[in-house]
Amino acid sequence: MAAAFQIERSTRTSRVTALVSLVLLVVLIAAPWWAGRANMRLLGEIYSFVALATLWNLMAGYAGLVSVGQQAFVGFGGYALFAFAMFLGVHPLVAVPLAGVAGALIALPIAPLLFRLQGAYFAIGTWVLAEVFRLSFAQVSSLGGGSGTSLPAGVVTGMAADRALREMAIYWTALAIAVVAVAYVIALLRSRAGLALTALRDSEIASESLGIDIWRTKLTVYVTVAGLTAMTGAMIFLQKLRISPDAAFSVNDWTAYVIFIAVIGGIGTIEGPIVGTILFFLLRETLADLGTTYLMVLGAVAILVMLRAPKGLWGWVSQRTGVTLVPVRRRVVFRD
Amino acid sequence: MEWVNAILQGVLIGGLYALFAAGLSLIFGVMRLVNIAHGDMIVAAAYLALVVVQATGLHPLASAVIVVPLMAVLGYAMQRLLLNPTIGQDLLSPLLVTFGISVILQNGLLVAFTADSRRLAAGSIETASFHLAPGISLGVLPLVIFAASVLVILGLELIFYRTSLGRAFRATSDDPEIAQLMKLDRNHVFGMAMALSAAVVAIAGIFLAIRTNFDPSAGPARLIFGFEAVIIGGLGNLWGTLAGGVVLGVAQAIGAQISPGWQILAGHLVFFLVLALKPRGLFPRMD
């Protein structure tokens, strides 16, 4: 007898979304042929924030690891890229994934220490860690100490034949990192570990009693996110070509903005960080003239969203319409 | 002698760190809330003291008469309006709201007072000192700050264990729902906890303003020092917080003796060392 039901994950909407995303991806890959230099830079920046926000959201929204110190890995990745390229002569584009591996490796011994802190205390612990990184890199005189250093001209020109080719290579790498970050989070959430994560988020005690290894699940998330964040950081500073401790480990640039993006878009959804990034850049491009006031507006918007729509913009939409573009949960469908 | 002197100064600055930490420890103890804006509130209090001193001509220490109650009222309002609606099971929402408050405070201060660093002149007390032995002298101001932190912690202990407000704090901290059944208004109790925390913040802010230069971006570092003092000393233990502040101050003083770039770093490293060896802090509370 055939079963009267089956387990489904994709929906009509999600199949359409997948198709649209694919088309959009092709359009974005072709950007060097239709976008100007300035727009390509802006797009590159958007990709970095999509990656950072998606990764932060995985930790905070799914694993309950609220970190305000992700700039530790952004800066570490940036410095790792500079070190690989300057001291070992590694090609900068090869140094990007290498910086990611280095970021994951350094996170491995750190995670057990930070995991001794619970909840909000974990948050500030991650911040202290980022400060340790910042102050340590400021001591390394071969990397410019406190004032930082630029990527030597030889390294930059050795990357590709001319400037246009170089910019194209960097642009595609940035796009690739954003795609990898989003794909990784989706794949993880749809896997066994993802099921464990969702259970963990809902109740740590109940999931532990069902045999979920909390510690290992959190460790996996923390270390992989650290690696991908470091890779994104390497990318960011490859675009800037200059690094300093204050820029590399800036809590405003790499954590505050990222948190706003995730909060405004919707924590704990795949779509949220992407919606949030688009909104953030729209706000930034229109309010940039306000200077400092613009940051106050951002802060106020975040508080308001937290009070009125704690699930963010996307959470609000999907609660009212039931739409999920990227389904990660399974549904039972009965045949009649 | 140089080392003895450095360590003594470290002990004394530990008193200031304990003041940064006491308010943080207090509200964490009552409502499990970590206030990311705590450091910025300290800096805001310092600016408030500056404005009060400029407007009234009061001595900086006397400005506490106005700054402390004002901060307490502001703290109460902030808790009732912004934080209470988000406090519940989820720890993410209140954390992010305080994060938003922190950004608004920092940039608001920047708009109002520019990025120039300021200082409150307190007259002769700043330079007065006791000469103990050749090469060792203790400043009067650091001693006053240390004494103030001991008094503040003593006061908080008395409030916690000797008053009905303290009983309400402890009851709400143990079980907010049962406390509510006993006709304790949770929102008001939380508001009072934040008011008390803000009053301590005001004292810390005034001393900060007299002791060092401050600018609108000085908050996060004060938050981190306060937080480290709390964790080193042991969560929820007020006297432990004082000990944590002293440990941190001494670690920084020793780091600074080795090399100026090591001052803050040494404090952070000691924090991680304590975390690795005694995750519950040096003086964990029995429970």
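Residues are described as buried when their relative accessible area is under 20%, as exposed when it is over 50%, and as partly exposed in between (1.4 Å probe, protein chains only). The structure is a predicted model, in which local features need pLDDT of at least 70 and side-chain atom pairs count only at pLDDT 80 or more, while totals for chains, interfaces and linings use all residues. Residues are numbered from 1 along each chain as its sequence is written, chains are lettered from A in the order in which they are written, and side-chain values use heavy atoms, without hydrogens and water.

Helices are DSSP runs (H or I, at least four residues) numbered from the N terminus. In helix α3 of chain B (residues 64-83), the buried residues are B:Val67, B:Met71, B:Ala72, B:Gly75, B:Met78, B:Gln79 and B:Leu83. Viewed down the axis of α3(B), these buried residues fall within an arc of 130 degrees and therefore line one face of the helix; the arc is taken from the directions from the helix axis to the C-beta atoms. B:Val65, B:Val73 and B:Leu81, on the other side of α3(B), are exposed. The buried residues of α3(B) pack against α1 (2-31), α2 (38-56), α4 and α8 (186-211) of chain B, where contact denotes heavy atoms within 4.5 Å.

Helix α4 of chain B (residues 92-113) contains B:Asn107, which is buried, with a relative accessible area of 9%. The side chain of B:Asn107 reaches the backbone oxygen of B:Val103 at 2.8 Å. Apart from neighbours within four places in sequence, B:Asn107 is in contact with A:Thr292, A:Leu295 and A:Met296.

Methods
Helices (H or I, at least four residues) and strands (E, at least two) are DSSP runs, numbered from the N terminus. A polar contact is a pair of N or O atoms within 3.5 Å; within protein, one must be able to donate a hydrogen and the other to accept it, and residues adjacent in sequence count only if both atoms are side-chain atoms.
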